[in-house]
Amino acid sequence: MKISINTIEKAKEFVSICSKYHDGDILVKQNQYVVDGKSILGIFSLNLVEPVKVIMDSENDNSKIGFYNNIQRWKAENNY
């Protein structure tokens, strides 16, 4: 899912949500860069003016559904 977390507050809230999911890895990709969604420094190292791709890698389908529902509000309008 592509999301837009283009403010400091959105980025902090995104990391806070990611940190609640202990049963999987959350990868945030932008071009050739991949960072941990639970790392505030990693998130701030990206160009947040542009949308980022978020992937949750977990064997727990309920966690995946819950996570994607939680970040739905930041879904990028355009598919850049």
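This is a predicted model: local features need pLDDT of at least 70, side-chain atom pairs count only at pLDDT 80 or more; totals for chains, interfaces and linings use all residues.
Let's begin with helix H1, which runs over residues 8-19. At 1.5 Å a residue, its twelve residues should span 16 Å, and the end C-alpha atoms sit 17 Å apart, so the two values agree. Which residues of H1 are buried? They are Ala-11, Phe-14, Val-15, Ile-17 and Cys-18. Because these residues cover an arc of only 160° around the axis, they end up on the same side of H1.

Now for the charged residues of H1. The count of salt bridges comes to two. In one of them, Lys-12 pairs with Glu-9, with the closest N and O atoms 3.6 Å apart. Both partners belong to helix H1 and are three residues apart, about one turn of the helix. An α-helix has 3.6 residues a turn, so residues three or four places apart point the same way. Glu-9 counts as exposed at 53% relative accessibility, while Lys-12, at 41%, counts as partly exposed.

Glu-13 forms a salt bridge with Arg-73, and here the closest N and O atoms are 2.9 Å apart. This pair links distant parts of the chain: Glu-13 is in helix H1 and Arg-73 in the segment after H3, 60 residues apart. Glu-13 is partly exposed, with a relative accessible area of 35%.

Leu-41 is in helix H2, and its 68% relative accessibility is why it counts as exposed.

Ser-4 lies in the loop between E1 and H1. At 19% relative accessibility it falls under the 20% cut-off, so Ser-4 counts as buried. Setting aside neighbours within four places in sequence, Ser-4 is in contact with Lys-10, Trp-74 and Ala-76. Asn-31, in the loop between E2 and strand E3 (33-36), is exposed, with a relative accessible area of 68%. Asn-31 and Leu-46 are 15 residues apart in sequence, and their C-alpha atoms are 9.7 Å apart in space.

How values were computed. Residues are numbered from 1 along each chain as its sequence is written. Side-chain values use heavy atoms; hydrogens and water are left out. Helices (H or I, at least four residues) and strands (E, at least two) are DSSP runs, numbered from the N terminus. The expected span of a helix is 1.5 Å times one less than its number of residues. Buried means under 20% relative accessible area, exposed over 50%, partly exposed in between (1.4 Å probe, protein chains only). The arc is that of the directions from the helix axis to the C-beta atoms. Contact means heavy atoms within 4.5 Å. A salt bridge is a side-chain nitrogen of Lys or Arg within 4 Å of a carboxyl oxygen of Asp or Glu.
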